[in-house]
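Please keep the sequence and the model in view while reading.

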Amino acid sequence: AIDIYACNYNEGKNRADLDKVISKWNKWMDKQGGAAYSAWVMTPVLGASNYPMDFAWLGVWANGNDMGKGMQSWMEDGGEMSAEFDSVMTCPDHSNAASVNVRPPGEGWPTKSGGTVFSDCTVAEGKTVMVAMAANQAWAAHLDSTGSKAGMWVFFPGAGSSDPEYDYKMVSSYPDFAAYGADWESYTNGQGWAKAGEIFGDVTDCGSQRVYHSSTVRDGGVSPVPK
């Protein structure tokens, strides 16, 4: 279960101010001892004006039951902590999503700092989401053959998503930007684009990629692979 905020810093505030609040929040979360929750702050590196924000907050619970417990705990006991966050940032958009892991991330995930790539995908007319997921799995197999270090997820939009025109988001995580650059090289000069056309051509269309620097601000142990 995915928890997403699109945020801007309040006037005069910056990442250093946010980190101070995050430090307090982590202690609060530890004290609560509730449902496991992991979170990242994602700062745009390569983006577009149709996604105007200073950063995104991406959180994850293992399942919907944990999401409900976490939300209830925040509603009942998180008032003071919420005010601390509100003093630093304004987040007009808050939504959730359901995620499916397509390719597990590498050993050591999540790293303290890495890269995350998002793109909005639309299933072609006459095709189904299940056909698109099969194509995504075929692409994951291709990445296996190239030695890619990317983890892959599909995010299906949930509550608060403002009736999106896309069907799902394709999300790839990298342990660092060197790994992202290696996949970029494989896709371009390595002719990966031709393989992508073969796999996705008449199935699904994904828009321009948006690249973020992701920093892990809480590792609650939520993982797509058994630990």
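In this predicted model, the torsion about the S-S bond of Cys-7 and Cys-91 is about 105 degrees, so the disulfide they form is right-handed. Their sulfur atoms lie 2.1 Å apart. This pair links distant parts of the chain, for Cys-7 belongs to strand E1 (residues 2-9) and Cys-91 to strand E4 (residues 89-103), 84 residues apart. The two partners can also be described by their accessibility. Cys-7 is buried, because its relative accessible area is 0%, under the limit of 20%. Cys-91, with a relative accessible area of 22%, is partly exposed.

A disulfide is also formed by Cys-121 and Cys-206, with 2.0 Å between the sulfur atoms. The torsion about the S-S bond of Cys-121 and Cys-206 is about 105 degrees, and this disulfide is therefore right-handed. Since Cys-121 lies in strand E5 (residues 113-123) and Cys-206 in strand E8 (residues 204-206), the pair ties together parts that are 85 residues apart in sequence. Cys-121 counts as buried because its relative accessibility is 0%. Cys-206, at 34% relative accessibility, counts as partly exposed. The count of disulfides comes to two. When the bonded cysteines of the protein are numbered in sequence order, the pairing reads 1-2, 3-4. Each such link is a covalent bond between the sulfur atoms of two cysteines.

How far does the predictor's confidence reach? The mean pLDDT of the protein is 95, and 97% of its residues reach 70 or more. Confidence is lowest in E8, at a mean of 95, and highest in helix H4 (residues 129-146), at 98. Where pLDDT is low, the predicted coordinates should not be read in detail.

Helix H4 also holds His-142. Is His-142 buried or exposed? Its relative accessibility is 15%, so His-142 counts as buried. Apart from its neighbours within four places in sequence, His-142 is in contact with Gly-192 and Lys-195.

Lys-195 is partly exposed, with a relative accessible area of 30%. Glu-198 has a relative accessibility of 60% and therefore counts as exposed. Elsewhere, salt bridges that share partners join Asp-120, Lys-169 and Arg-210 into one network.

The count of salt bridges comes to eight. Among them is the one between Arg-15 and Asp-19, whose closest N and O atoms are 2.8 Å apart. Because Arg-15 and Asp-19 are four residues apart in helix H1 (residues 15-32), about one helical turn separates them. Arg-15 is partly exposed, with a relative accessible area of 24%, and Asp-19 is partly exposed as well, with a relative accessible area of 34%.

Another salt bridge brings together the side chains of Lys-24 and Glu-84 (3.5 Å, N to O). Lys-24 lies in helix H1 and Glu-84 in helix H3 (residues 79-86), so this pair ties together parts that are 60 residues apart in sequence. Lys-24 has a relative accessible area of 45% and is partly exposed. Glu-84, with a relative accessible area of 28%, is likewise partly exposed.

Finally, the reader may return to strand E4, in which Ser-99 lies. Ser-99 is partly exposed, with a relative accessible area of 30%. The C-alpha atoms of Ser-99 and Val-154 are separated by 5.5 Å, although these residues are 55 residues apart along the chain. Not counting residues up to four places away in sequence, Ser-99 touches Ile-2, Trp-153, Val-154 and Phe-155.

Technical notes: Residues numbered from 1 in each chain as written. Predicted model: local features only at pLDDT ≥ 70, side-chain atom pairs only at ≥ 80, totals over all residues. Heavy atoms only, no water. Disulfide = S-S within 2.5 Å. Helix = DSSP H or I, 4+ residues; strand = E, 2+ residues; numbered from the N terminus. Buried < 20%, exposed > 50% of the residue type's maximum accessible area, 1.4 Å probe, protein only. pLDDT = per-residue confidence, 0-100. Contact = heavy atoms within 4.5 Å. Salt bridge = Lys/Arg side-chain N within 4 Å of Asp/Glu carboxyl O.
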